[in-house]
Amino acid sequence: MSLAERVMELSKRLFRIEDADGAGPLNFDSSPGLYIHIPFCPDFCSFCPYNKTKYDAELTVSYLNALKRESDLERIEHFSSIYIGGGTPSYDLDLLRGVVSHFKETTNGEIALEIHPADVSSKRLYEIRETGVNFVSLGIQSFDDSTLNSMGRKRQDSGVSLSSIAETTSAGFDFVDVDLIFDYQLDRRRIVEDLKTAISYGPEQVSVYPMMRFADTAFKNTKNDPEKELEILEELENVALAHGYVRDSLWTFRKSAERRKYSSVSREFFMGIGTSASSFNGKEFRTNTFSLDEYFSSLETGRIPARKIIKMGRFSAILYYSFWALYGGCLDLGSVEEDFGRLPMRMRFLLHSAIARGYLQRKKDIVKPTRKGTRKLHIIEEWLTYNFIDRIWTDLRREARDHFASLESTL
Ligand code: SF4
């Protein structure tokens with residue numbers, strides 16, 4: 001059995017998805033990152049797997065109150081950073097102002113926001129900066145009309161992509177990330193051109209994601225091809241290097257002089273609030289309900305809205321943590337021992353095998369993936385996405401639909 005297969009086999013045994021009914025507040029040993037999910041979108045894109053609901057101005061007021069109630073129940077006073085994602089959190093500035101003004105005193109780290117290109121204007125960017133947001137992620141996806149159309153992207157064409165990146169990169173934010181997406185089935189010259197175009201505006205980071213085929217999207221009956229995606233990512237790495245950017249994690253390229261990182265997923269420990277938000281405290285990974293109604297009713301009755309949980313022992317938690325650290329480009333064994341105690345024998349053995357087979361390289365306490373290791377990480381990451389994230393999201397979406405159907409039948 002290959003090392004990647006052994007990691008997948010281990011993950012199947014170690015990570016069991018259970019119902020999280022009756023969950024209490026999560027305890028963290030140090031300040032976690034705060035993720036806030038805003039589920040409202042004015043239109044839905046057909047490739048999108050995220051939990052979203054049609055924008056409704058009236059609901060946003062109740063939603064902001066529910067977010068406050070949820071964070072009160074969790075009783076965490078300080079966060080290392082704040083990340084506001086969605087949905088389309090840049091669509092309603094009143095809601096954004098309410099969220100940032102309520103939570104900004106809880107952090108002295110960055111306040112990051114996902115921005116839809118259609119929401120960009122110099123006035124709006126100025127207003128976003130005024131709220132206290134200083135890191136932004138601009139969801140361009142592509143500068144090419146046929147790519148945007150084939151993915152079912154709404155409210156955007158190539159003109160919007162170009163004007164929004166020009167405005168956002170000159171708006172004075174501390175950090176700008178640009179998100180691009182590619183599909184191995186499309187002409188690869190398009191994503192190469194997209195990357196060159198994004199880099200020409202000088203953002204601190206460009207993230208390039210292969211399109212994932214989640215259940216419940218228009219692409220559910222098609223398959224990824226990790227080998228072809230890897231070839232494309234390696235070609236993109238050469239383009240990035242030639243333009244002064246380095247590959248920072250599996251799918252991100254940052255300016256070579258830039259030391260800061262920006263990501264919603266590779267934070268060590270995080271507390272997620274809002275529908276569908278996930279949290280990880282080093283012992284438990286859990287995800288909230290996808291149903292807006294259930295989210296409101298749980299919080300009205302003082303219950304934490306978590307619906308699914310994966311409980312982890314020390315070894316499984318270290319495995320999970322190490323995977324995401326390597327995905328982010330670097331695993332610091334000193335930090336692992338600080339957070340989890342001495343590395344268990346099984347983990348030492350796994351690391352030793354991965355180093356001996358040329359997947360990882362180690363300098364003192366710092367472990368990094370080699371190019372060969374990066375290829376394996378990509379394959380494992382897609383496997384994890386389909387076997388855990390997609391499963392949890394599919395279950396929760398079904399539960400949300402059932403909840404809605406039972407509500408309708410009582411009306
Ligand atoms: S991709 Fe973004 S804007 Fe499109 S439906 Fe999904 S969350 Fe909404």
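In strand E12, the bridge partner of Leu 34 is Met 271. Helices (H or I, at least four residues) and strands (E, at least two) are DSSP runs, numbered from the N terminus. The structure is a predicted model, in which local features need pLDDT of at least 70 and side-chain atom pairs count only at pLDDT 80 or more, whereas totals for chains, interfaces and linings use all residues. Residues are numbered from 1 along each chain as its sequence is written.

Leu 34 belongs to strand E2, where Leu 34, Ile 36 and Ile 38 point one way and Gly 33, Tyr 35 and His 37 the other. Six of the six residues of E2 are buried, so the strand is largely enclosed by the rest of the structure. Burial is assigned from C-beta atoms placed from the backbone: a residue is buried if 20 or more other C-beta atoms lie within 10 Å of its own, exposed if 12 or fewer, and partly exposed in between. In a regular strand the side chains alternate between the two faces of the sheet.

E2 (residues 33-38) pairs with E12 in the parallel sense over four bridges, two strands being counted as paired if DSSP finds at least two bridges between them. Tyr 35 stands opposite Gly 272 of E12. Within E12 (residues 270-273), Phe 270 and Gly 272 point one way and Met 271 and Ile 273 the other, and all are buried. E2 is also joined to strand E5 (residues 81-86), by six bridges and in parallel; Gly 33 stands opposite Ser 81 of E5.

The largest nonpolar core has 87 residues, of which Ile 36, Ile 82, Ala 112, Val 136 and Leu 180 touch the most other members. Helix H10 (residues 314-327) provides the largest share of this core, seven residues. Apart from it lies another core of five residues, among them Ile 392, Trp 393, Leu 396 and Ala 400. A nonpolar core is here a set of buried Ala, Val, Leu, Ile, Met, Phe, Trp, Tyr and Cys residues joined through C-beta atoms within 7 Å. Leaving aside its neighbours within four places in sequence, Ile 82 is in contact with Leu 34, Ile 36, Phe 103, Thr 107, Ile 111 and Ala 112, where contact requires C-beta atoms, placed from the backbone, within 7 Å.

The ligand is surrounded by Cys 41, Phe 44, Cys 45, Cys 48, Tyr 50, Lys 52, Gly 86, Gly 87, Thr 88 and His 116; a residue is near a molecule if its C-beta atom, placed from the backbone, lies within 6 Å of it. This shell divides into five nonpolar, four polar and one charged residue. In that division Ala, Val, Leu, Ile, Met, Phe, Trp, Tyr, Cys and Pro count as nonpolar, Asp, Glu, Lys and Arg as charged, and the others, Gly among them, as polar. The peptide bond from Gly 86 to Gly 87 is cis, with omega near 25°. Gly 87 is found in the loop between E5 and helix H3 (93-103).

Lys 154 is in contact with Asp 43, Phe 44 and Cys 45, neighbours within four places in sequence being left aside. Lys 154 is found in the loop between helix H5 (145-150) and helix H6 (158-169) and is partly exposed, with 16 other C-beta atoms within 10 Å. Arg 155 lies in the loop between H5 and H6. Arg 155 has a positive phi of about 65° although it is not a glycine, and is partly exposed, with 15 other C-beta atoms within 10 Å. Lys 154 and Glu 294 are 140 residues apart in sequence and 28 Å apart in space, C-alpha to C-alpha.

Glu 294 is one of the buried residues of helix H9 (residues 292-300), together with Leu 292, Tyr 295, Ser 298 and Leu 299. Seen down the axis of H9, the buried residues fall within an arc of 165°, so they line one face of the helix; the arc is that of the directions from the helix axis to the C-beta atoms. They pack against strand E4 (53-54), helix H2 (57-74), strand E14 (284-288) and helix H13 (371-410). Just after H9, Gly 302 takes a positive phi of about 75°.

An open sheet of three strands has the order E16-E18-E17, with antiparallel pairing. Its edge strands are E16 (331-332) and E17 (360-363), each pairing on one side only. Four bridges join E17 to E18 (residues 366-369), and Gln 361 has Lys 368 of E18 as its bridge partner. Lys 364, in the loop between E17 and E18, has a positive phi of about 50° although it is not a glycine. With 8 C-beta neighbours inside 10 Å, Lys 364 counts as exposed.

How values were computed. Contact = placed C-beta atoms within 7 Å.
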